[in-house]
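Take a walk through this model in two stops.

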Amino acid sequence: YWGLETKRIGRPIRFFETVDSTQKIAHELAANGAEEGTIVLADEQTMGRGRLSRGWHSKKGKGIWMSLIIRPDIAVQKAPQFTLLAAVGVAGAIEDVAGLSPKIKWPNDLLIEGKKVCGILTEMVSQENRVLAIIIGIGINVNHRPGDFPDALKDKATSLAIHAGKEIPRAKLVQSFCLKFERLYDTYLKAGFLPVKTLWETYACSIGQRIEARMVQGTIRGKALGIDEEGVLLLQDDSGRIHHIYSADIEIEKD
Ligand code: BTN
């Protein structure tokens with residue numbers, strides 16, 4: 001029982017102790033007609049997946065490893081907006097429950113004091129340019145102590161408990177996220193992406209800064225100007241040219 005106050009999001013929540021990947025299970029459920037709002041949640045993942053074919057460290061009992069299925073009737077080009085929408089939902093839930101102020105690094109990382117506390121992986125199932133399902137995978141490092149992270153992540157990752165100085169109740173975080181996401185999603189369906197963009201900007205940490213965007217096609221360095229009305233990152237290189245970045249790995253340059 002998760003104390004949910006939502007109508008659709010988190011109804012149902014399918015909880016597993018150990019899975020390979022909640023994302024994989026959510027894909028299977030979505031293919032079998034799972035309804036919008038369904039969440040797959042696990043205490044541990046043995047094969048957690050990150051973006052760009054990376055793995056995702058998902059230690060037992062320490063985090064929130066979940067995948068949310070939604071079915072908006074939108075064109076496939078708009079699906080990446082849900083990464084931003086989910087990021088705003090998680091940021092709000094973290095403020096609410098842990099009393100911390102995370103920043104969002106476009107498109108999908110939540111940072112606290114420059115270290116990653118949450119990653120989001122948005123995938124979709126589509127047909128003829130329309131979305132059939134979006135599967136939003138969310139990994140939040142909640143109750144890790146510094147020693148719980150593998151060596152390779154020590155400098156890059158952090159948890160809510162490390163910054164809050166106490167354990168954070170995971171069920172409350174899930175509950176708060178569901179409510180915030182549902183409200184944002186309703187706003188999105190009524191009024192489009194613009195109100196979500198405005199909120200997203202209040203959390204953004206990379207905007208106005210010099211960044212490096214690494215893509216399959218190559219790397220572009222320049223100043224992050226902001227996101228456009230679709231959620232696409234606008235990056236101005238040193239010659240003044242503005243690039244529209246749909247997907248990339250972002251490094252904020254240190255000066
Ligand atoms: C990233 O930053 O690379 C995205 C990480 C997404 C991790 C979550 S944990 C729950 C869901 N299941 C997975 O296998 N991955 C996502």
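Buried means under 20% relative accessible area, exposed means over 50%, and partly exposed lies in between (1.4 Å probe, protein chains only). F181 has 0% relative accessibility, so F181 counts as buried. F177 is buried too, with a relative accessible area of 1%. The model is predicted: local features need pLDDT of at least 70, side-chain atom pairs count only at pLDDT 80 or more, and totals for chains, interfaces and linings use all residues. Residues are numbered from 1 along each chain as its sequence is written, and side-chain values use heavy atoms, with hydrogens and water left out.

Now the rings. Rings of Phe, Tyr and Trp (its six-membered ring) pair if their centres lie within 6.5 Å; planes under 30 degrees apart are stacked, over 60 edge-to-face, the rest tilted. The whole structure holds 4 aromatic pairs. In one, F82 and Y188 have ring centres 4.9 Å apart and planes at 65 degrees, so the pair is edge-to-face. F82 sits in helix 2 (residues 81-98) and Y188 in helix 4 (residues 170-191), so this pair ties together parts 106 residues apart in sequence. Helices (H or I, at least four residues) and strands (E, at least two) are DSSP runs, numbered from the N terminus. Both F82 and Y188 are buried. The rings of F177 and F181 have centres 5.6 Å apart and planes at 40 degrees, so that pair is tilted. Ring pairs link F82, F177, F181, Y185 and Y188 into a cluster.

Next, the sheet. Its 5 strands form an open sheet in the order 11-10-9-8-12, with antiparallel pairing. Two strands pair if DSSP finds at least two bridges between them. Strand 9 (residues 218-227) and strand 10 (residues 233-236) pair over 4 bridges.
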